[in-house]
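Here's a quick briefing on a few local features of this model. Have the sequence and structure open as you read.

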Amino acid sequence: LPMATPQVIALGEALAEFMRPLVGIPLDTAGPFEGPFPSGAPANFIDACARLDLSTGFISTVGNDAFGRMFRARLSRDGVDISHVVVDPVRTTGTAFVTYNPDGSREFLFHIKHAAAGQAPAIDPEYFAAARVVHITGSTLASGPEWHAACVRAATLGRAAGALVTFDPNLRPELLGGASVEEVCAPILDRTDVVLPSGAELTTITGIEDSATAVQALLQRGVRMVVLKQGVEGSTLFTRDSSVH
């Protein structure tokens, strides 16, 4: 086996995130930000796994700049293998600016597609030799055709290695660029074992309003497990035979 063949692999956008420190400050208004914080949905996932002492690896691209160094240092310090985090000599590290609205919703401003974060590294099949989980996020799927193809390739390699493929829809309208959700998600749903949607995401990826019917549609499609995230009410895990809240 190669030097590093992690058991949990994620891939996707590496970002420097800047957050409004108070609720209700619009992004189009001058005001304070806190950050930079190393971020991006797949990066947050893999960093949390590493902090749980799992064998982890991340596939991504950062810029040859301060934000890229910050990102690599954070993941490396927490135990993530970053041998497949490529440093782009030309493009800057991707960024995200976020504010929280009084109703609890968020607004984002991303710089991904024309940044280093929008560049998908080559996928090395040998890196997946020991994979037990391959994690895909909807934000990465929507980050352009290269990343979409990389996610499908990673899911395919994960399946071939006997790994679970997990999918967090995490759909950001700001990134879809006019593509339909079905067009973006279908190739991954066909290769996914575990889907982790919120209620709104469940409706979006299935086109079905009723959550119970939508869950069954995913299970009939071949998904083994649906974990419906329900905010303060917790989560419910569904299989074809049972459910656990």
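**A buried threonine**

Thr166 is buried, at a relative accessible area of 9% (buried means under 20%, with a 1.4 Å probe and protein chains only). Bear in mind that this is a predicted model, where local features need pLDDT of at least 70, side-chain atom pairs count only at pLDDT 80 or more, and totals for chains, interfaces and linings use all residues. Residues are numbered from 1 along each chain as its sequence is written, and side-chain values use heavy atoms, leaving out hydrogens and water.

*Around Thr166*
- Thr166 sits in strand β9, residues 164-168 (strands are DSSP E runs of at least two residues, helices H or I runs of at least four, numbered from the N terminus).
- Leaving aside residues up to four places away in sequence, Thr166 touches Val133, Val134, His135, Ile136, Val194 and Leu196 (contact means heavy atoms within 4.5 Å).

*Strand β2*
- In β2 (residues 15-19), four of the five residues are buried.
- β2 pairs with β3 (residues 34-39) in the antiparallel sense over four bridges (pairing takes at least two DSSP bridges), and Glu17 stands opposite Phe37 in β3.
- With β6 (residues 94-100), β2 pairs in the parallel sense over five bridges; here Met19 stands opposite Val98.

*Helix α8*
- Ala214, Val215, Leu218 and Leu219 are the buried residues of α8 (residues 211-221).
- They're on the same side of α8 because they cover an arc of only 140° around the axis (taken from the directions from the helix axis to the C-beta atoms).
- Their cover includes α6, β10, α7, β11 and β12.
- Just after α8, Gly222 has a positive phi of about 120°.

Notes:
Buried means under 20% relative accessible area, exposed over 50%, partly exposed in between (1.4 Å probe, protein chains only).
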